[in-house]
Every structure is written in structure tokens, then in C-alpha cells.
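Try each task yourself before you read its solution.

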Amino acid sequence: MRKRTAQLTLALASLLGALALAGCGSSGSSGDPASLVPASAPLYASVAIKPSGGSGGEASTAAKKLTHLSEPYGSLAQALLSSDGHKLNFKSDIEPWVGQRAGVFLTSLNTSKLPQSTSSIQTLLEGGLSGAASALGTTTFGAGAAQGAIVLETSDIGKARSFLEGRAHEQQAHTISYRGISYQVSPSGAAEGIVKDFAVIGSESGLKSVIDTSLGAAAITSASGYAKPPADAIASAYVQPEALLKDVHGSTSTTGTTSQGVALLGQLFAGAQSASLSVTPTTNSISLQGEIHSANGSTPWNGPWPN
């Protein structure tokens, strides 16, 4: 049982790796991005964009070890938010308006529409943060490979709005509204807007679900087995395996590496109703704390980040 729990946690850590992200002026948002994520989302990951302690703090040191990047937060933020043909610069384009944390959630994933290098679940499980962040960034939502969204805290709502308006103009997006909240949709189907002072970029259905949650629909914080991560966590993840497997399996061909990856997920998460994981830096290492929930109860797991 302990070995299987460790395998489950490793799988969840890999999924977290595939989704992680890495003043003056008008005030921005405060609070947890999870408060705007729908309870039905089968996979949710949260990350610190601006870690405490600065570039020399434990969080930054841990992130460098985790991502193998010299500037992990800026590099991953750029990978997630850059669009086709327009690479962003973290210092000038993102840092002036982004807040402390970001969340990414999926409601479905069509792996056949992912870039070829990341088109299988097996690849996503085995890949590192640097490559997967780009594969699961805003372009992926626009391409129809993923349904969901990135929800970012803002430190300056005016600058965040200007950033989104610039993206919308670049993508020839048009403005529409849903339940009284305006947002932009590009010809590719990508959507972006400001919801309760959070910047939201994703698929149109993903953005609509964020609006629904902001207006009272159940948030993932109320989902069974969801645990609020520790205050010093640099990343966390929550998965509802049965729903995730159904959404991935139902949207892809069951041949070749994709079917092998789906089978791997099915084996690892068999019997699990939900699983949560947080990543916390310590002085000399990175610590994982997780919990697997099943019909037989809950199994906690603690250990170092897998090498």
C-alpha cells in the first residue's frame, strides 16, 4: 500500500509539474485563485509566481532545483502566457501587474491536439516543468486541446487589463459578455478577461465557469478531499482521478502512446476518489505532502521531491 501511495504521489507530482507556472498604481486582487475554480474541475494546480524571500530565498532555490532553470518563475510565466509569434518578457510584460499566485485548471484534455512532443499522457507524466509549461499554456486553450483556464492574482488591475486588451488586439479578438461580465474571444476560441480582479486566460467554456463560480457556483475549495495548501507552499495540486481519466480518455484516440498513458493513469489512480499534494521548500530540500482519498479512507504521504 505504501509503495502504491508513493506511486500515486509521484504521478500527481508529475501532473503538477506539467501544469505549474511559474507597487504603486490601482490595487489588484487578493485571495486564493482556487476560489474562482469550479468544483467540477478534475485537475487543479496552484503556484507561487512571486516567492517570498526574493531571488535568494528558499522558494526560489527550490524552484531552480525543481525546474532546472536559472530564472524559474519568470521563465515559466513567459512560457504559459506567451502566444504564437509573440514571446513575452517577464520583467516588462508580466511582473508589473501579476500578483503572488496563479492557478491552472482543466475540465478536459484532448491530447491529440497538443504539440506532437507532448501529445501523450506518458510524455506529460515524465516531462519536466520547462517543456510542459509551454505545451499547456494559453495557446493550448486556444487550439482546443484543453478546456479550462489560468487564473492569476493581480497586483495592479489597470495594468492587467491593459495587458489583456493588448493580447486581444493582437489576436483580433472580439468583445462579448456573459452574465454581465465582458471578456474577449479570439478566432481560435481562446478567451480572456478580468473576473473579480483576477486575470483569467483560457478556453471560453473555462472562462465562463470562472464567472459562474464568482457569482456563487461551487468552488473547488468545497470539493471532497480538497485541502488548502500550507502558506509557504510554492506549488500544490488537486485531482479527481475518475473524472480526469474520463475526460482525457473520452477526448483522445485509444491507440499508441496515448492509450498507454491513459492505462498508466488508470492503474496508478485505481480506487482513488481524490488526491492532493503540496510542494514546500526547506533549507536543503523540497518536501512533498500529499493525501490520497478512497472508499477505504485517507492515506497521508510525506517525502522528498522525487529525483
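## Exercise 1: Salt bridges

The side chains of Lys 91 and Glu 95 form a salt bridge, with 3.5 Å from N to O. This is a predicted model, where local features need pLDDT of at least 70 and side-chain atom pairs count only at pLDDT 80 or more, while totals for chains, interfaces and linings use all residues. Residues are numbered from 1 along each chain as its sequence is written, and side-chain values use heavy atoms, with hydrogens and water left out.

**Solution.** 
- Step 1: apply the rule, which asks for a side-chain nitrogen of Lys or Arg within 4 Å of a carboxyl oxygen of Asp or Glu.
- Step 2: recall the classes of relative accessible area: buried is under 20%, exposed is over 50%, and partly exposed is in between (1.4 Å probe, protein chains only). Lys 91 is exposed because its relative accessibility is 59%. Glu 95 is partly exposed because its value is 27%.
- Step 3: go to Arg 167, whose side chain meets that of Glu 192 in a salt bridge of 3.2 Å, N to O. This pair links distant parts of the chain, 25 residues apart: Arg 167 is in helix H8 (residues 157–170) and Glu 192 in strand S6 (residues 190–195). Helices (H or I, at least four residues) and strands (E, at least two) are DSSP runs, numbered from the N terminus. Both Arg 167 and Glu 192 are buried.
- Step 4: finish with Arg 179 and Asp 212, whose closest N and O atoms are 3.0 Å apart. Here the loop between strand S4 (174–178) and S5 is linked to helix H9 (residues 204–214), across 33 residues.

## Exercise 2: The surroundings of Gln 184

**Task.** Which class of accessibility does Gln 184 fall in, and which residues is it in contact with, leaving aside neighbours within four places in sequence?

**Solution.** 
- Step 1: locate Gln 184 in strand S5 (residues 181–185).
- Step 2: Gln 184 counts as buried because its relative accessibility is 16%.
- Step 3: list the contacts (heavy atoms within 4.5 Å). Gln 184 touches Ala 168, Ala 173, His 174, Thr 175, Ala 190, Ala 191 and Glu 192.

## Exercise 3: An aromatic pair

**Task.** What is the geometry of the pair formed by Tyr 226 and Tyr 238?

**Solution.** 
- Step 1: rings of Phe, Tyr and Trp (its six-membered ring) pair if their centres lie within 6.5 Å; planes under 30 degrees apart are stacked, over 60 edge-to-face, and the rest tilted. This rule gives two aromatic pairs.
- Step 2: Tyr 226 and Tyr 238 are edge-to-face, at 5.5 Å centre to centre and 75 degrees between the planes.
- Step 3: Tyr 226 lies in the loop between H9 and strand S8 (235–239) and Tyr 238 in strand S8, so the pair ties together parts 12 residues apart in sequence. Tyr 226 and Tyr 238 are both buried.

## Exercise 4: Strand S3

**Task.** How many bridges does S3 share with S2, and how many with S7?

**Solution.** 
- Step 1: strands pair if DSSP finds at least two bridges between them. S2 and S3 are antiparallel over eight bridges, and Val 98 has Thr 154 in S3 as its bridge partner.
- Step 2: S3 and strand S7 (residues 198–203) run antiparallel, joined by four bridges. Ile 150 is opposite Ile 201 in S7.
- Step 3: check burial in S3 (residues 146–154), where eight of nine residues are buried.
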